[in-house]
Amino acid sequence: MSEAVTTPAAPAAVATHCPYCALQCGMSLRPTAGSAEVSVEVVERPDFPVNRGALCGKGRTAPAVLSSRVRLTGPLVRCPDTGALKSASWEEALSAVAEGLSRTRADHGPDAVGVFGGGGLTNEKAYTLGKFARVVLGTSQIDYNGRFCMSSAAAAHQRAFGLDRGLPFPLEDVPRTGCVILVGSNLAETMPPALRYLTELKANGGKLIVVDPRRTRTAEQADLHLAPRPGTDLALALGLLHLVVAEGRVDEEFVRERTEGWEAARAGAMAHWPELVERITGVPVPRLRDAMRMFCDAESGMVLTARGPEQQSKGTDTVGAWINLCLATGRAGRPLSGYGCLTGQGNGQGGREHGQKADQLPGYRKLDDPAARAHVAGVWGVDPDSLPGPGRSAYELLDALGGEVKTLLLMGSNPVVSAPRAAHIEGRLRSLDFLAVADVVLSETAELADVVLPVTQWAEETGTTTNLEGRVLLRQRAITPPAGVRTDLEVLHGLAALLGREKGFPTDPEEVFDELRRASAGGPADYSGISYRRLREENGVFWPCPEEGGGSEGALPEGTGGSEGALPEGTGGEGTGQPERPVRVPHPGSPRLFLDRFATPSGRARFVAVTHRAAAEETDADYPVVLTTGRVVAQYQSGAQTRRVEELNAAAPGAFVELHPRLAERIGVAEGERVAVVSRRGRAVAPARITAAIRPDTVFMPFHWPGEGRANTLTNPALDPVSRMPEFKTCAVRVEPASPRP
């Protein structure tokens with residue numbers, strides 16, 4: 001009798017999340033057999049509710065960046081003799097960084113050292129980086145690239161609602177609402193798996209209004225597309241609110257019972273009559289009326305914004321105007337209604353909650369709040385008075401390099417490509433006394449560094465992120481990293497030890513997260529009831545989530561609304577011989593906010609009176625065209641990772657200039673010919689892509705590439721006075737053939 005032949009079991013797949021955008025799509029990684037350089041493959045996770053198994057090309061090809069052919073595999077130190085980067089040991093590299101930091105602090109003081117983080121860092125890394133800057137270096141000069149993404153929406157959230165969470169409801173609510181106004185977002189290319197929420201909305205009978213100067217793939221799905229001139233979204237929102245008032249569509253009861261500040265906001269809107277708004281925006285009055293009526297006729301509605309209205313020198317007021325529209329029509333603080341921000345970066349939400357922002361401590365606490373300083377200092381075991389105060393915002397910090405800031409430690413960011421006025425910022429980076437960069441690849445910024453520290457990637461480490469819904473998630477290590485790289489936590493631990501802090505900087509991410517929980521406890525972004533165990537067992541937990549099993553502490557914090565934190569009936573009582581006592585159960589988290597009250601002291605949402613103002617830089621005879629920038633589906637942010645994936649490069653090989661046929665005819669260029677786009681800050685050159693899907697007075701460039709096609713060479717660093725967001729989305733340019741025709 002022959003023996004039965006058994007087939008080896010397939011290797012177990014590890015549940016984790018995509019390393020790219022703020023959807024944080026669920027996926028699993030399964031080890032692959034053989035000698036392939038990339039030893040994992042992506043497997044769908046249909047059980048994860050955000051993407052339900054769907055992945056875009058970036059997520060599907062994410063393991064390609066794990067290849068040693070495209071990533072850093074060992075430290076690099078700049079040779080003083082040749083000026084070139086050369087391989088070095090970890091001991092040599094960390095010692096060089098510690099020496100550079102110490103020398104600058106000794107010679108110029110702690111604020112001469114800067115720290116620059118990233119919205120892709122896990123919560124554990126962002127938390128530890130902020131702690132390292134304030135406890136070890138004693139510097140106030142720390143900020144991160146998320147300032148360039150969601151800061152205007154965050155500031156507007158705080159002003160209106162008293163709390164900033166990108167979406168106050170889960171994405172699953174979007175298809176069930178009556179009407180969505182999507183402002184300045186091209187979901188079809190920036191977050192492809194999320195497009196299904198809009199198609200399901202329409203299938204359910206809901207309406208979609210898209211506001212975008214380009215007729216994008218997302219705008220093609222709309223019931224109504226409004227194409228305003230870039231930089232005029234504020235006037236558009238005010239014009240719609242004017243029509244709401246003029247046609248008697250204000251929800252007077254909601255305004256009276258649940259808001260404050262309406263009269264001043266109303267007066268601001270009434271100064272923006274429809275014909276004036278048409279002149280400013282280019283959107284015809286009949287389409288303004290159609291949009292207002294479509295939104296108000298639905299029983300429920302949402303306004304979702306992205307970088308279009310936010311990356312402006314008036315971005316906070318612009319988002320505030322859209323929030324005012326929601327409040328005036330009673331579309332906030334109610335089921336299936338509200339305002340939300342579509343956060344961009346992978347951990348853009350969590351990254352702005354736990355201490356790597358210039359003015360912030362963990363738990364979304366304010367750095368200038370004495371009670372917040374005392375609480376966090378107690379967790380850290382330091383004197384509250386030793387913590388520095390608020391520092392410069394991201395662009396202001398980068399602009400100060402080589403001047404008041406002499407040395408920079410940078411983690412997970414590539415400002416040579418991503419910062420506005422990028423040629424100037426590249427020059428500031430070159431002027432530093434010392435630059436250390438920790439990254440997974442040799443980015444354009446890392447190429448300028450004195451020391452480059454190679455760190456692990458998403459599949460090689462465990463840590464948490466918080467997606468655009470406020471859902472805290474656990475990425476789990478699936479493979480062993482190369483021998484020559486370390487985690488960011490190990491890097492900060494090593495540097496802290498060399499700088500005299502041998503304790504307080506653990507390398508185990510779960511230990512760091514447990515400390516983060518304590519530091520966030522009682523704060524606006526309270527993670528104290530979230531644990532790795534829960535995250536492994538559940539499909540994420542929405543913050544705020546107070547400490548597990550806290551009796552009355554299990555109720556939702558004031559201002560979030562809902563009764564999802566109520567405790568079940570107690571045990572004991574009659575027949576047991578024991579007094580009845582409450583059961584200590586985990587708080588379930590807070591998927592939906594503001595249903596009972598807003599997070600303001602009064603519990604009411606706040607209207608903010610705003611008025612339209614021009615962009616920081618308007619067109620003129622020398623620069624008669626508006627430039628706006630954005631992303632394409634096959635690349636991500638500065639492209640440092642996606643430009644190293646062959647499949648993605650084949651789909652999107654380089655920069656381009658999108659322009660209208662009338663503009664192309666006027667300047668004399670044909671499809672594919674090289675076009676120069678010139679602003680007051682520089683010149684970029686890329687092939688022409690001619691389409692009637694863009695306004696004739698506007699050109700578009702994606703911002704993923706360095707070199708002569710670098711869009712951010714052109715962009716304007718004018719800052720929003722509240723959020724300190726640069727004006728990426730509009731600047732004045734001229735467009736001309738890159739070289740004269742023969």
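Of the 742 residues of this protein, 62% count as buried, where buried means under 20% relative accessible area, exposed means over 50%, and partly exposed lies in between, using a 1.4 Å probe and protein chains only. Before going on, the provenance: this is a predicted model, in which local features need pLDDT of at least 70, side-chain atom pairs count only at pLDDT 80 or more, and totals for chains, interfaces and linings use all residues. Residues are numbered from 1 along each chain as its sequence is written, and side-chain values use heavy atoms, with hydrogens and water left out.

The overall picture, then. The protein has 23 helices and 32 strands; these are DSSP runs, H or I of at least four residues for helices and E of at least two for strands, numbered from the N terminus. Its radius of gyration is 26 Å, close to the 27 Å from the globule rule for 742 residues, so the protein is as compact as a globular protein of that length. That radius is taken over C-alpha atoms, and the rule is 2.2 Å times the number of residues to the power 0.38. The C-alpha trace spans about 90 × 80 × 70 Å along the principal axes.

On contacts, meaning heavy atoms within 4.5 Å: among those between residues at least 6 apart in sequence, 73% join residues at least 24 apart. The accessible surface is about 26300 Å², and carbon and sulfur atoms account for 48% of that. The areas come from the Shrake-Rupley method with a 1.4 Å probe; for residues, only the protein chains shown count as cover.

Which of its residues are buried? They are A422, I425, E426 and L429. Seen down the axis of α18, these buried residues fall within an arc of 105°, so they line one face of the helix. The arc is that of the directions from the helix axis to the C-beta atoms. As a reminder, an α-helix has 3.6 residues a turn, so residues three or four places apart point the same way. The cover over the buried residues of α18 includes α16 (394-399), β16 (407-411), α17 (415-418) and β17 (434-439).

Next, some backbone details in loops. W543 and P544 are joined by a cis peptide bond, with omega about 0°. P544 sits in the loop between β21 (541-542) and β22 (571-573).

Two non-glycine residues have positive phi. For R52 the angle is about 50°, and the residue lies in the loop between β3 (40-44) and α1 (57-60). R52 counts as partly exposed, at 33% relative accessibility. For F594 phi is about 70°, in the loop between β23 (578-581) and β24 (605-606). F594 is buried, with a relative accessible area of 4%.

T730 is in the loop between β31 (726-727) and β32 (731-737), and T730 is buried at 3% relative accessible area. Not counting residues up to four places away in sequence, T730 touches P230, G231, A615, V626, L627 and N716.

R501 is in the loop between α19 (488-498) and α20 (509-520), and R501 is partly exposed at 35%. What does R501 contact, leaving aside neighbours within four places in sequence? The partners are V135, V136, V382 and A496. R501 and V135 are 366 residues apart along the chain, and their C-alpha atoms are separated by 8.9 Å.
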